[in-house]
Structures are given as structure tokens and as C-alpha cells.
Amino acid sequence: MNYEESIAYLDSLGRFGIRLGMDRIKQLLFVLGHPENQIRTIHVAGTNGKGSVSTMIADILRHAGLHVGKFTSPHLVKYNERIQLDGRDIGDAEFAEVLTRVREFADDLVKNKACEQPTQFEILTAAAFHYFALQHVDYAVIEVGLGGLWDSTNLIKPVVSVITNVALDHTKVLGKTLEEIALQKAGIIKEKVPVVTGAAGNALGPIQVMSAFKQAPLYVYGQSFHGEEVTSSMDGQTFRLCAGTNYVSEYSIRLPGAHQIRNACVAIVAAKIVSKGDPRITEEDLHAGVAETVWPGRLERILVRPDVILDGAHNPDGAQALRAALDKFYPGRPVHFVFGMMGDKAVSEVVRILIRPDDKVYTVRADDGPRAAEAAELANLIGPQARPFSDVGAAYDQALADAGSDGIVVVGGSLYLVGTFKGMLLRRQAN
């Protein structure tokens, strides 16, 4: 397959949707020669913050001069974003080559009735493992796709496991309570492999129980370590990481929002655990790595005056983090939201948390897929302060005009919307 054919193949697999279970990925990795066992990994699960934490860990390892792979999801504009090597997206030709190889094995399995057709995410997971093994990476940072226990990435035995946090999301699949969801995420915990988590409250119990059962050392944010803000703005923040009885060190990051201090602390502690077995990773790498990290689509400011911010807040926890940042950095000022969500998300709850009476909302479809909520339905749910648009570009243009040079425009509600929006900007720039 060439690159375009590879993308068409992946798109065609989208119809299979989410099908949890390990049989298909086990069969696929078996015939590929178990590439997941040929690399050292860091495994990252959690409701929110997985991408930020994965990227910070990868950046720390890269600053140490290591050869580092990273597998994340979803992508914003191109599938290539999901598979990175040393901070760069996999190239089109390499992507097509790896996908062709994986497809050949997958097709043979289906033809011989060894398993059902692997899903899109399973194909991508296998492709990432295969690619990282071919590249002989020193480490691969692997982000869980959904949950943990039955996720197709959960066939690795990592150097360290990370659970960023636990909040209500994907409740139809993972469970309706924090405890049920936490138990799914705790499924990534392996025998005697250290665990770092930012989970708290009712969600922490299942993680503690699973860690004890697996004899896995557990490091909990707010107990084993914590962060203290020093300075904070939309340009980034400085904080003190306090760990154990005698470690206090000041770090700077480019990612705004109080939640990113917690994420950074989790990433640093995880990398510190890796460094105990790898002297190539130094204290300097911990500081310099997180200072370099950028992560698109999460409180990402792409324009100043007016301030235009992209944030894929797609669940109540993410909406709370976005609203807290807006209240902190733009107190008392109305926000113009270009807003779209997937219809199977907690739309009403996100709207309640995110949108204030003085805000204006320009609703759109998050993307062209069948899951996206209709713009008119969103506007009707929000009320008279909302107006539906059939085009993301038109909604954005109207939001900019209404906001004026001193205003705030937020494009958010879904990472799919952020991807749609970025694609629109790229097309405009090309013209």
C-alpha cells in the first residue's frame, strides 16, 4: 500500500468501532514475532492527561540522548501523529510500509479464521510496536487507548505504569462509577512494576488494592509527592516538586493550567523511577525535558489579541480544568466558544460546567462522523446564547468578529473538533 491506500484502509476499519478484548491483538502480535517484548516501555493510562504525561516523559528521555518512541491517540490532523520517533511523527513512506506489513498478517489471520478482523486501534497498536522494535528504541512511551485492562496496549510489561487520574468518561464501556472505571485502569498494573498515579478520592482505592495484590510499589500524588505553584500564566508556569522527605526542586513548564502541575509531577516521578535503572537519565534531563514539552489541543493558545485557545475538553473533568484556567487567567471576562461534542459524551454536564451566562456559543458538528452531535441540537440544549453553524470556519470567523481584539475565543468540546479546526486552518493557509 502507498500512504493514501494506508489511510483508506484505516478509515475502512472505523466501522468496526470499539471492541474490547485481547484475542485479536494477541494473535496479531504473535505472528509479528512479539515486537512488544523487544522494547522497554512506559505505560500511561488515565481519563485525562495521558497525552501530556506521555509527552513529558518522552521529552525527558529524549533530552537524555535516548532513542524514544511514543504512541498516543487520537490524532488531530494526521494518523502519523500517533506514532512518533524522537519527537517527530512517523513519515508517510514509513507509515505506509509498516501498515502494509501489519495488514498482511492481519488479513492472513482473518482468512485462516484464526481471529476476527482486528479493529483500527489494534492495527495501529501493532504497527507502533512493530515500528519501535524495528527502530531499536531505548524506550517507548505507550498511551492506553481506552480503560486499561482490556486495552490492546496491555500486553506489555513496562518499566513503570502510570495512571494519570480517574474521572467519569466512557461510562457505557468502562463502568458507571469512579470505582468501576478505576478498576479498569488499574488493569495495567503488573507484578512488582512501580505505579505512579494522580488519582484521588474514591478512585484511588481500586488502584491501591491492585498495587498491593501485584506487589507493585505505589507512588500517589498528594501523598508520596506533590507540586506547589510558584508562578502561573497562559505562557506557562513554575512549581516546586516535593517528594519524600528530602527532595524539593523547582521546575518550569510551558503548559498552562493547575492540572498540568499535577501531570508534570506524575511524569517527573515516573521518569525518576526509570532513571533508577538507567544512569543515562539525569536530574538535568528531568528539568530540561518537561521545560520543552508542548502538547497541542490542550489549553493551546494559537493567537493573542484576541486570545484564541484550543482545548479538547470532552468530559466533565476536562471541562472543569478548562473552566478553572479561564477563570484564573481571564477572570470575569466573557468567552466566545466555538463548541462541538460527540453525542455519546456527557454533553449536558460539560455545558453546565463550561459555559457561563455571559458567554456566547457558536455550535458546530465536531467532525463528519456519525457520533458527532448536531449543531442545532447543541444550540437548543445551551439556550438563547448559542447559535448553530454548519461550518467550523464560519463559526470561528463570527466568534472572532464578535470577540474583538481584546476578546477570548475558545475552540473546544472535543479533540475531534480541534482536529477539524486545525485542518481548516491548514487549508486556509494553503490557499
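1. Start with the residues of helix α3 that are buried, meaning under 20% relative accessible area, with exposed being over 50% and partly exposed in between (1.4 Å probe, protein chains only). They are Lys50, Gly51, Ser52, Val53, Ser54, Thr55, Met56, Ile57, Ala58, Asp59, Ile60 and Leu61. In other words, 12 of the 14 residues of α3 are buried, and the helix is mostly covered.

2. A word on the model: it is predicted, so local features need pLDDT of at least 70 and side-chain atom pairs count only at pLDDT 80 or more, while totals for chains, interfaces and linings use all residues. Residues are numbered from 1 along each chain as its sequence is written, and side-chain values use heavy atoms, with hydrogens and water left out.

3. Now trace α3 along its length. Helices (H or I, at least four residues) and strands (E, at least two) are DSSP runs, numbered from the N terminus. α3 covers residues 50-63 and reaches 20 Å from its first C-alpha to its last, close to the expected 20 Å; that expected span is 1.5 Å times one less than the number of residues. After the helix comes Gly65, with a positive phi near 85 degrees.

4. What covers the buried residues of α3? The cover includes strands β1 (41-45), β2 (68-71), β5 (139-143) and β6 (160-163), together with helices α9 (258-276) and α10 (283-292).

5. Take a closer look at α3 and α10. Their axes, lines fitted to C-alpha atoms over the stretch in contact, with angles from 0 to 180 degrees between N-to-C directions, are 7 Å apart and at an angle of about 130 degrees. That makes the two helices oblique, the word for angles that are not under 35 degrees (roughly parallel), over 145 (roughly antiparallel) or 65 to 115 (roughly perpendicular). In contact (heavy atoms within 4.5 Å), Met56, Asp59, Ile60, Arg62 and His63 of α3 meet residues of α10 including Glu284, Leu286 and Val290.

6. Compare this with a second pair to explore on screen. The axes of α2 (residues 23-31) and α4 (residues 92-111) come within 10 Å and cross at roughly 120 degrees, so α2 and α4 are oblique to each other. Here Gln27, Leu28 and Val31 in α2 meet Val102, Phe105, Ala106 and Leu109 in α4.

7. Finally, find Gly297 in the loop between α10 and β12 (300-303). Is Gly297 buried or exposed? Gly297 is buried, with a relative accessible area of 0%. Leaving aside residues up to four places away in sequence, Gly297 touches Leu76, Leu310, Asp311, Gly312, Leu415 and Val418. The C-alpha atoms of Gly297 and Tyr416 are separated by 9.8 Å, although these residues are 119 residues apart along the chain.
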